[in-house]
Amino acid sequence: MQSPGKSLKEALLCAQSEERLTVGVYESAKIMTEDPDSVSFCVLAMDEEFECDIALQIHFTLIQSFCFDNDISIVRVSDMQRLVEIVGDKAEQFEDAHCVLITNPADGSWEDPALEKLHLFCEESRRLNDWVPEISLPER
């Protein structure tokens with residue numbers, strides 16, 4: 001099996017190409033509240049600059065709880081800048097890439113092997129009592 005980091009990168013790129021990414025804590029919370037069944041996967045990103053941000057930690061706790069309650073797979077990455085490099089483009093810089101959601105396609109007719117590997121990784125991590133596993137994103 002390929003590394004979870006590589007699977008995450010592939011799933012993010014696939015979702016981005018199909019316009020199924022939501023970036024930002026508030027934007028993600030809005031989608032989770034309005035249509036939780038549309039959310040397939042959640043990525044929380046933390047870096048050293050924001051480790052002491054209590055408000056962000058509270059948002060993360062609420063997002064994690066929501067994901068657990070709605071059976072949404074969730075992972076954490078420690079390099080927000082690398083995440084921005086993957087999901088951003090030159091014309092658009094994401095100031096708040098602390099939360100990224102991958103949503104299901106509207107027609108429901110898609111399968112993403114990388115995302116399926118991530119779901120299995122998360123399921124296995126939960127069996128080992130690692131409820132929000134940390135994944136390292138690959139370098140370019």
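**A tour around helix H4**

Start by selecting H4: its buried residues (under 20% relative accessible area with a 1.4 Å probe, protein chains only) pack against H1, strand E1 (21–23), strand E2 (39–45), strand E3 (73–77) and strand E4 (99–103). Helices (H or I, at least four residues) and strands (E, at least two) are DSSP runs, numbered from the N terminus. You're looking at a predicted model, where local features need pLDDT of at least 70, side-chain atom pairs count only at pLDDT 80 or more, and totals for chains, interfaces and linings use all residues. Residues are numbered from 1 along each chain as its sequence is written, and side-chain values use heavy atoms, with hydrogens and water left out.

Now colour Met-80, Arg-82, Leu-83, Val-84, Ile-86 and Val-87, the buried residues of H4. Because six of its eight residues are buried, H4 is largely enclosed by the rest of the structure.

Next, bring up H1 (residues 4–17) beside H4 (residues 80–87): the helices pack at about 40 degrees, axes 9 Å apart. Show Lys-9, Leu-12, Leu-13 and Gln-16 in H1, which meet Arg-82, Leu-83, Ile-86 and Val-87 in H4 (contact means heavy atoms within 4.5 Å).

Slide to the start of H4, where a side-chain oxygen of Asp-79 comes within 3.3 Å of the backbone nitrogen of Gln-81.

Last stop: His-119, in helix H5 (residues 113–127). Leaving aside residues up to four places away in sequence, His-119 touches Ser-40, Phe-41 and Ser-73.

Note on methods: Axes are lines fitted to C-alpha atoms, for helices over the stretch in contact, and angles run from 0 to 180 degrees between N-to-C directions. Buried means under 20% relative accessible area, exposed over 50%, partly exposed in between (1.4 Å probe, protein chains only). A polar contact is a pair of N or O atoms within 3.5 Å; within protein, one must be able to donate a hydrogen and the other to accept it, and residues adjacent in sequence count only if both atoms are side-chain atoms.
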